[in-house]
Amino acid sequence: MDNTLSRQILLSILGLALIIVAIVGVSYAVMIDSSNGAISNEAFIDNNDDQNGIFLDNTLPISDSVGKTYNNYFDFDVVSLVSSGTIVEYEISLEKVLDNSVTLSDNEVKFYLEKLVSNKFTMVNEPQHFFEIGMDSALGTSGNNMIIYQGSFVNNTSEKRSFKESFRLRCWVDDKTIINSYAKSFKTVVKIHSKAL
């Protein structure tokens with residue numbers, strides 16, 4: 001009888017240890033490069049509230065319905081001072097940061113972008129995995145990056161005008177991801193590329 005109880009206790013401890021290893025096993029971060037204004041003098045990121053980005057440590061895979069309302073997010077503005085009679089096209093992209101850590105694969109991470117419209121954040125597109133565009137874009141986004149939004153500022157007035165659009169980015173580990181016993185990471189930087197027409 002004591003042998004059975006001891007075996008149950010040992011199995012319970014091992015099960016708890018495996019759960020702890022699984023929770024610690026997956027972590028990732030989305031970071032923003034605060035010097036992003038140097039990328040283009042046409043449009044740049046204004047980092048709201050001095051946030052450095054999204055950092056999710058010790059997280060588990062979650063469904064899209066949970067991820068879309070997740071309380072960790074990154075708010076930022078795209079800002080541009082546009083000359084008279086000018087259109088500035090821009091695109092928001094994600095650039096992977098490669099380091100020596102073991103990374104989650106592109107299909108293990110989901111990104112969800114919302115745009116502020118009439119004082120309410122609304123969906124830009126459905127949650128999506130990281131997807132490289134394959135070739136450099138016309139605005140300068142590198143082919144190994146992912147474009148998450150394309151927009152433009154149109155100034156039809158007779159003088160320079162300032163424009164701003166606000167966005168909210170969420171990301172999470174896809175619920176189909178299999179957790180291993182070692183830590184993984186996925187790091188990306190939000191970039192803006194633009195051109196005046």
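Read along the sequence, this protein runs α-β-β-β-α-β-β-β-β-β-β-β-β. What you are looking at is a predicted model, in which local features need pLDDT of at least 70, side-chain atom pairs count only at pLDDT 80 or more, and totals for chains, interfaces and linings use all residues. Residues are numbered from 1 along each chain as its sequence is written, and side-chain values use heavy atoms, with hydrogens and water left out.

## The whole chain

Of the 197 residues, 40% count as buried. Here buried means under 20% relative accessible area, exposed means over 50%, and partly exposed lies in between (1.4 Å probe, protein chains only). Now look at the contacts, meaning heavy atoms within 4.5 Å. Among contacts with a separation of 6 or more, 78% are between residues 24 or more positions apart.

The protein exposes about 11000 Å², and carbon and sulfur atoms supply 52% of that area. Such areas come from the Shrake-Rupley method with a 1.4 Å probe; for residues, only the protein chains shown count as cover.

## Inside: the nonpolar core

Which residues touch the most other members of the largest nonpolar core? They are Phe76, Ile92 and Phe111, in a core of 25 residues. A nonpolar core is a set of buried Ala, Val, Leu, Ile, Met, Phe, Trp, Tyr and Cys residues joined through side-chain atoms within 4.5 Å. Strands E4, E5, E6 (109-117), E9 (146-155), E10 (161-173) and E11 (187-196) each supply at least two residues of this core, and E10 gives the most, with five.

Phe76 and Glu165 are 89 residues apart in sequence, yet their C-alpha atoms are 8.6 Å apart in space.

Ile87, Val154 and Leu197 make a nonpolar surface patch of about 240 Å². Patches are made of residues with over 30% relative accessible area and no salt bridge; like charges are joined within 9 Å, and nonpolar side chains (Val, Leu, Ile, Met, Phe, Trp, Tyr) within 5 Å. Ile87 sits in strand E5 (residues 86-96) and is partly exposed, at 33% relative accessible area.

## Salt bridges

How many salt bridges does the structure hold? There are eleven, a salt bridge being a side-chain nitrogen of Lys or Arg within 4 Å of a carboxyl oxygen of Asp or Glu. Three of these pairs are listed here.

| Pair | Closest N and O atoms |
|---|---|
| Glu126 and Lys68 | 3.8 Å |
| Lys191 and Glu95 | 3.9 Å |
| Asp106 and Lys96 | 2.9 Å |

Glu126 forms its salt bridge with Lys68. The pair links distant parts of the chain, 58 residues apart: Glu126 is in the loop between E7 and strand E8 (128-129), and Lys68 is in the loop between helix H2 (64-67) and E4. Glu126 is partly exposed at 48% relative accessible area, and Lys68 is also partly exposed, at 26%.

Lys191 forms a salt bridge with Glu95. Lys191 lies in strand E11 and Glu95 in strand E5, so this pair ties together parts that are 96 residues apart in sequence. Lys191 counts as buried at 14% relative accessibility, whereas Glu95 is partly exposed at 29%.

Asp106 pairs with Lys96. Since Asp106 lies in the loop between E5 and E6 and Lys96 in strand E5, the parts tied together are ten residues apart in sequence. Asp106 is partly exposed at 23%, and Lys96 is partly exposed at 24%. Elsewhere, salt bridges that share partners join Asp64, Lys110 and Asp174 into one network.

## A hairpin and its turn

E6 and strand E7 (residues 120-123) pair in the antiparallel sense over four bridges; two strands pair if DSSP finds at least two bridges between them. Lys115 stands opposite Thr122 in E7. The two strands form a hairpin with two residues between them.

Most residues other than glycine have a negative phi. Ser118, in the turn, has a positive phi of about 55°, and Asn119 has a positive phi of about 65° although it is not a glycine. Asn119 lies in the loop between E6 and E7. Ser118 is exposed, with a relative accessible area of 71%, and Asn119 is exposed at 78%.
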